[in-house]
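Hi everyone, thanks for making time today.

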Amino acid sequence: MRVMAVDEVALSLGLAPGMMLADARARVPEVQAVPHDPEADAHLLEAIAEDCDRYTPSVALDPPDGLILDITGCAHLWGDEAGLVSALVARLADGGMTLRVALAETPDKARALARHGGELLRAGRRIAPDRLNEARLPYVPASVSVDHLPVAALGLAEERTTALKRAGLTLLGDLASRPRVPLAARFGPEAVTRLARVLGEEDVRITPRRTPPALSFARRFAEPVARTDFVLTTLADLVREGAAELARRGAGGRDFASRLFRSDGTVHALSIGTGQATRDADLVMRLFQERIETLADPLDPGFGYDLIRLDIPVAEPLAVTQTDLDRNTAPAREVALLADRLGVRLGQGRVRRFAAGDSHIPECAGFTVPAHAPVLPLASHPTPGEPPMRPLRLFDPPQIVDVIAEVPDGPPRRFRWRRQTHDITAFEGPERIAAEWWKRKDGGGLTRDYYRVEDSQGRRFWLFRHGLYGSEKPNPDWYLHGLFG
Amino acid sequence: MTDSHPSLARLKRRIDALGPAASSGRWGLLSFGLEALDARLGGGLAKGAVHEVLPASGLDAASAAAFALMLAARAGDVSGTILWVSTDAELRRHGAPYGPGLAELGLAPDRMMLVTAPDELAGLKVASDSLACAGLCAAVIEAGAAKRLDLTASRRLALAAEKSGVTALILRGSDTMIASAAASRWQVAAAPSVPLPGQAPGRTGLSLSLVRHRGGARPFDMCVEWDHDRTAFSEPALLRPVPAVAECRSMVA
């Protein structure tokens, strides 16, 4: 067993990652070892990234133990960059983290500085704002040059780094002054690309975990709030603020996501969706209330929320609509509102509409999709004068039945379903539906022979024989697929 | 029973005035498109009211559902939305509504919205919410054997329907004996269709029987056929004497 990671104290005692655990124990008998759990580490990193959402909407993961925050345009909310960093460091250090923070113009430069040029910030140490002006900043400022960093800061593959070192190029400063073309020829084009990025010559933006929302509104509290009704009032304020901004832009939103940041780092996310774009604050608030009521476990404020935010991911154009003089809304609009409400309460998947499927397999020809989704509506064209050829209700999966037929490949005469026998007095068929052989690798699939049958009581059923007798299957099974009205 | 005593008659009138059926004229009447049937109901069924549909036996559930949908399709204008409220258990037992099948019955599937509740209670909540939505044309509520849909609950639904003008059709289990505040109660069974040449099953035939009617129509039985071209009920075309239908007709007469 090997040591995967060590803390600062262990490092000072001469232990290092990569050692055998037995050697480490021999050196420091009182060493405390816990099994390496990369999955838990990844979860923790995700949770911290979620919490860092309070500083900037664009946060990217740098696994296994790094986060990159794009604070462009966010620093002024905390006074300046130093204010933001000190707030972040204080918060994470309170949570027992050991951090190295660096600011730079480009993500790659910041990453190199943080990983190779910074000083460890001790866990639990708070940095008072007035100490920021002293020589020892809690972070590596953007003005620091990367020339003194080792070439490992480029983050190249192991053998490339070794090759650079063998050539006597140990610091980035050695590389920066050299012409790039010979470098690329000798150490690969990647070395030059990385070098340009780390030196800040090329700026590649990070890909945030979540797309920054079009609109975002937040309320920060000096003291965490734990009362649910106060949380709701705040949320209502934010929704009104959002609605006003949407109205100013002549836009509306379809999705509204509220994020409740708990002071202990947990983030509760509530989101609602509407079928049509809206900027009606009362409606959005009603949907939020509906959403909160249907939560499996109610909101647990714990020690309280210290930040409440409302995100509107996409704002789409929404024209001003005029209501009737008697304030009647159009029926379609009312139905859409009902669908939104039911969708928020039961889940979008439970409010559905019929859609047309491009298939001749019955269960694929007509299916349902969530009411939100744009669909090709199922056209209704009953053949004049013909009886219904398709059933009113369809079983999925089809129900197996015992059938007696005069000849194995002939029409059914009698069948047994749900412990009742039905004598068939009238039938029509077979309507032969082949399997979609062009979609299958083996080109197979059993053909179905559908029969529309009526029993002696007048009940109408849709039966099919699965497989052609003799050629496809020696003893085909019969299924009941649907019921006619 | 005749109202022999004037005070009894007065009391009856007062009770009638309290009930939801009293103002059935407000939303108009739902015609079946078949004069013989409408005449027996005094012009048709009340819109903006709750009507119950029961299958005669468990196997007639599909016919009962079809009847409820046919009434729903006739309840409003041709573009209004029809909401079908069901529960997971009901869909498992009776199968899910099938779009192309609805289209073949002349019930435009693009008018339908399907809501599936996880359980009985959630289903009733959805029903009560949807009946309050005046934008709907009709709602078909598949309640099955729901015990919670009792007199109080159905009265609540009836009041909501009366306020909004949405016609509600409640599909119940065949052996439901729970009292309800519905304006009418129908028992529906499949009727043998008039076969087409080649012994093929013909148009949808239904055997209806009115069990209860708040407006005072007398219970009756009748066999009808659904004409999906006109989206209306019609008399079965008797191409040849069908024993069961003949029986039905003699009962009617």
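**A walk through chains A and B**

Let me begin at a particular spot: A:Pro430 sits in strand β12 of chain A, which covers residues 420-433. Please keep in mind throughout that this is a predicted model.

The setting of A:Pro64 is a loop, the one between β1 (59-62) and β2 (66-69) of chain A. For context, most peptide bonds are trans, and most residues other than glycine have a negative phi.

A:Arg418 has a positive value, near 50°, and it is not a glycine. You'll find A:Arg418 in the loop between β11 (412-417) and β12 of chain A.

B:Gln199 belongs to the loop between β9 and β10 of chain B, and at 40% relative accessibility it counts as partly exposed.

Now let me zoom out to chain A as a whole. How many helices and strands does chain A have? The tally is 13 helices and 15 strands. Chain A is more spread out than a compact globule, because its radius of gyration is 33 Å, well over the 23 Å that the globule rule gives for 485 residues. If you like to think in boxes, the C-alpha atoms of chain A fill one of roughly 95 × 65 × 55 Å along the principal axes.

The domain division goes like this: domain 1 is 1-36, domain 2 is 42-212, domain 3 is 215-341, domain 4 is 351-381 and domain 5 is 393-483 of chain A. Between the centres of domain 3 and domain 5 of chain A, taken over C-alpha atoms, there are 51 Å.

A few numbers on burial and surface. Of the 485 residues in chain A, 41% are buried. The accessible surface of chain A is about 26100 Å², with 53% of that belonging to carbon and sulfur atoms. As for charge, chain A carries 62 positive and 67 negative side chains, and the centres of those two sets lie 2 Å apart. And if you take contacts in chain A between residues at least 6 apart in sequence, 55% of them join residues at least 24 apart.

Next, a helix I'd like you to look at: α5 of chain A, residues 107-116, which is where A:Lys109 is placed. Which residues of α5(A) are buried? They are A:Pro107, A:Lys109, A:Ala110, A:Ala112, A:Leu113 and A:Ala114. Their cover includes β2 and α9 (189-198) of chain A.

A:Lys109 counts as buried because its relative accessibility is 7%, and the cut-off for buried is under 20%. Setting aside residues up to four places away in sequence, A:Lys109 touches A:Ala104, A:Ala142, A:Val144, A:Val146, A:Arg197 and A:Val198. Take A:Ala142 from that group: it is 33 residues away from A:Lys109 along the chain, and their C-alpha atoms are separated by 9.0 Å.

On to chain B, with 8 helices and 12 strands. Of its 253 residues, 58% count as buried. Contacts in chain B with a separation of 6 or more come to 72% from residues 24 or more positions apart. Chain B exposes about 10500 Å², and carbon and sulfur atoms supply 55% of it.

My last stop is B:Arg203, in the loop between β9 (184-190) and β10 (205-213) of chain B. What does B:Arg203 contact, leaving aside its neighbours within four places in sequence? From chain A there are A:Gly385, A:Pro387 and A:Arg460, and from chain B there are B:Ser193, B:Glu225, B:Trp226, B:Asp227 and B:Asp229. At 22% relative accessibility, B:Arg203 counts as partly exposed.

Technical notes. Residues numbered from 1 in each chain as written. Chains lettered and ligands numbered in written order. Predicted model: local features only at pLDDT ≥ 70, side-chain atom pairs only at ≥ 80, totals over all residues. Heavy atoms only, no water. Helix = DSSP H or I, 4+ residues; strand = E, 2+ residues; numbered from the N terminus. Rg over C-alpha atoms; globule rule 2.2 N^0.38 Å. Buried < 20%, exposed > 50% of the residue type's maximum accessible area, 1.4 Å probe, protein only. Contact = heavy atoms within 4.5 Å. Areas by Shrake-Rupley, 256 points an atom, 1.4 Å probe, with all protein chains shown as cover. Lys, Arg positive; Asp, Glu negative; His and termini not counted. Charge placed at Lys NZ, Arg CZ, Asp CG, Glu CD. Domains from an automatic or database assignment.
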